[in-house]
Amino acid sequence: MFELKLKRAYLPEEETDGYRILVDRLWPRGMSKVKMDLYQWDKEAAPTNEERKAFHDGLEDFETFKKDYLNELNQNPEAQKLAQEIKTLLGKGNVTLIYGSKDQEHNNAVVLKEWVEQQIGLEQKPSADS
């Protein structure tokens, strides 16, 4: 079975990444499109600008951000479409959600990965790359 993985945008691409999807609303600073080597950039599944700013400005903690972002995802047809696309892609190889945040445990990609796994019925398991 192939894996849904997470990776920081500033780490080098690896063959095991498989299909790479940037899941941030903003392009990571200092990264060229060539260096990122993405298959797609899915801004529509990222948190809204208001939600993103509230979290990054410290106006809400991670648990509040997670709850609000999950609510956004549940109401977002583009996110539902992405989840189904990821399900199809996982039949062919690994899929890696790319994010720019320095915090590897508290970011939108962590929440999105968990949500996608629930949507497509993947068993969640800890991963060394996550």
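# Close-up views of a predicted model

The lining of the largest pocket is made up of nine nonpolar, four polar and six charged residues. Here Ala, Val, Leu, Ile, Met, Phe, Trp, Tyr, Cys and Pro count as nonpolar, Asp, Glu, Lys and Arg as charged, and the others, Gly among them, as polar. The model is predicted, so local features need pLDDT of at least 70 and side-chain atom pairs count only at pLDDT 80 or more, while totals for chains, interfaces and linings use all residues. Residues are numbered from 1 along each chain as its sequence is written, and side-chain values use heavy atoms, with hydrogens and water left out.

**View 1. The largest pocket and its lining.** Let us start with the open space: the largest pocket holds about 530 Å³. Of its 19 lining residues, Asp24, Leu26, His56, Gly100 and Ser101 are the closest to the centre. Helix 2 (residues 49-56) gives the largest share of the lining, three residues. A pocket is found on a 1 Å grid over the protein atoms alone, as an open set of points where a 1.4 Å probe fits, with protein on both sides within 12 Å along at least five of seven lines; lining residues have an atom within 4 Å of a point. Grid points are joined across faces, edges and corners, and the volume is the space filled by probe spheres set on them. Helices (H or I, at least four residues) and strands (E, at least two) are DSSP runs, numbered from the N terminus.

View 2. Buried means under 20% relative accessible area, exposed over 50%, and partly exposed in between (1.4 Å probe, protein chains only). After the helix comes Gly58, with a positive phi near 80°.

**View 3. The largest nonpolar core.** This core has 28 residues, and Ile86 and Leu112 have the most contacts inside it. At least two core residues come from each of strand 1 (4-8), strand 2 (19-22), helix 3 (62-74), helix 4 (77-90), strand 4 (95-99) and helix 5 (108-120). A second, separate core has five residues, including Ala9, Leu22, Met31 and Ile98. A nonpolar core is a set of buried Ala, Val, Leu, Ile, Met, Phe, Trp, Tyr and Cys residues joined through side-chain atoms within 4.5 Å. Turning to Leu112, its contacts (heavy atoms within 4.5 Å), leaving aside neighbours within four places in sequence, are Val23, Ala45, Tyr69, Leu73, Leu82 and Leu97.

View 4. Gln40 belongs to strand 3 (residues 40-41) and is buried, at 17% relative accessible area. Beyond neighbours within four places in sequence, Gln40 contacts Tyr19, Arg20, Ile21, Leu22, Leu82 and Glu85. Asp42 lies in the loop between strand 3 and helix 2 and counts as buried, with a relative accessibility of 11%. Asp24 is 18 residues from Asp42 along the chain, and their C-alpha atoms are separated by 7.3 Å.

**View 5. Tyr19 and Tyr39.** Tyr19 is found in strand 2. Not counting residues up to four places away in sequence, Tyr19 touches Tyr39, Gln40, Glu85, Leu89, Asn94, Val95 and Thr96. Its C-alpha atom is separated by 28 Å from that of His56, 37 residues away along the chain. Tyr39 sits in the loop between helix 1 and strand 3 and is exposed, with a relative accessible area of 54%. Leaving out residues up to four places away, Tyr39 touches Gly18, Tyr19 and Arg20.

View 6. Glu15 lies in the loop between strand 1 and strand 2 and is exposed, at 80% relative accessible area. Glu15 and Gln40, 25 residues apart in sequence, are 17 Å apart in space, C-alpha to C-alpha. Asp37 is in the loop between helix 1 (33-36) and strand 3 and is partly exposed, at 37% relative accessible area. Its phi is near 45°, a positive value in a residue other than glycine.
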